[in-house]
Amino acid sequence: MYRFLLSRQWVILTLVALLLIPTMIKLGFWQMHRYEERTARNDLVAEALGAKPVPVESLTAPGKTITTRERYRTVTAKGRFDTDDEVVVRRRTNAQDKIGYHVLTPFVLDDGKVLLVNRGWIPADGPSQTEFPEVPAPPRGEITVTGRMMPDETTAASGIKDLQGLPDRQIMLIDSEQEAARLGAPVLGGYVVLTAPEAEGGVPEPIGKPGNEDAALNFAYAIQWWLFSAAVPVGWWILVRREKRDRENTGDVETAEAEPATV
């Protein structure tokens with residue numbers, strides 16, 4: 001009745017179905033793992049953004065690595081901006097995906113340590129990519145700044161190559177150790193994305209808050225893969241039944257044609 005399942009065509013079809021089922025189940029679990037990872041990251045970001053501001057030196061120190069729990073924490077610092085040693089970070093985009101620079105200004109604390117402050121984005125609309133762009137000045141004198149704590153940037157995490165031989169006062173990545181060597185001063189690990197005081201006229205353009213990763217999409221993909229895995233044996237069985245019915249119908253026709261006509 002089902003001897004056709006031993007044919008080469010059906011053996012191959014059955015093996016493919018048997019391979020697809022565990023593969024789709026595994027893909028579903030992988031998507032669920034991605035969902036859990038993204039949900040955990042979203043929770044960490046929300047927790048960090050919702051935490052009360054703390055003094056910057058309670059989270060970082062020269063040479064310290066900023067952890068994932070410390071990332072995006074709101075910190076405060078008292079000191080003054082040092083525009084003489086200000087640099088710009090190349091190839092950065094704003095909310096409209098326009099290419100420009102981030103303005104990185106050393107902020108000298110009362111105890112002499114330096115905090116790197118990313119003051120925001122400016123367009124790359126100067127006459128030359130090699131000249132230092134026109135950067136609006138920050139507030140003068142001693143002030144208190146507030147911002148979101150960020151870890152040092154690396155090529156591995158950002159995908160941005162740390163190119164050498166750049167024009168004067170231009171960098172590719174924000175690295176506190178490199179800046180400490182350049183400035184000849186103790187620089188706190190990581191850097192801060194400035195949120196207050198706000199720049200006059202909105203320039204440099206503030207860097208927006210981090211958005212949530214779309215974890216729900218991974219959850220939907222996981223369910224989709226598992227439904228596909230359940231559909232494979234159902235589809236296989238439907239094809240088997242159809243093949244059996246077609247063969248039976250063909251057999252009935254051949255039998256009818258072979259019977260002699262009665263007078």
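Which backbone nitrogen does the side chain of Asn118 reach? Keep that in mind while you set up the view. This is a predicted model, in which local features need pLDDT of at least 70, side-chain atom pairs count only at pLDDT 80 or more, and totals for chains, interfaces and linings use all residues. Residues are numbered from 1 along each chain as its sequence is written, and side-chain values use heavy atoms, with hydrogens and water left out.

**Stop one: Asn118.** Select Asn118 in strand β5 (strands are DSSP E runs of at least two residues, numbered from the N terminus). Its side chain reaches the backbone nitrogen of Gly120 at 3.1 Å. Asn118 counts as buried because its relative accessibility is 2%, where buried means under 20% relative accessible area with a 1.4 Å probe, protein chains only.

**Stop two: Arg90.** Now move to Arg90 in strand β3, residues 87–93. Arg90 is buried yet has no salt bridge (a side-chain nitrogen of Lys or Arg within 4 Å of a carboxyl oxygen of Asp or Glu). The nearest side chain of opposite charge, Asp162, is 9.8 Å away. Show Gln170 too: its side chain makes a polar contact with that of Arg90 at 2.6 Å (N or O atoms within 3.5 Å, one able to donate a hydrogen and the other to accept it; residues adjacent in sequence count only if both atoms are side-chain atoms).

**Stop three: the largest nonpolar core.** Of its 17 residues, Val56, Val75, Ala77, Phe107, Leu109, Leu115 and Val145 touch the most other members. Such a core joins buried Ala, Val, Leu, Ile, Met, Phe, Trp, Tyr and Cys residues through side-chain atoms within 4.5 Å. Elements giving it two or more residues include β2 (74–81) and β8 (191–196).

How values were computed. Helix = DSSP H or I, 4+ residues; strand = E, 2+ residues; numbered from the N terminus. Buried < 20%, exposed > 50% of the residue type's maximum accessible area, 1.4 Å probe, protein only. Lys, Arg positive; Asp, Glu negative; His and termini not counted.
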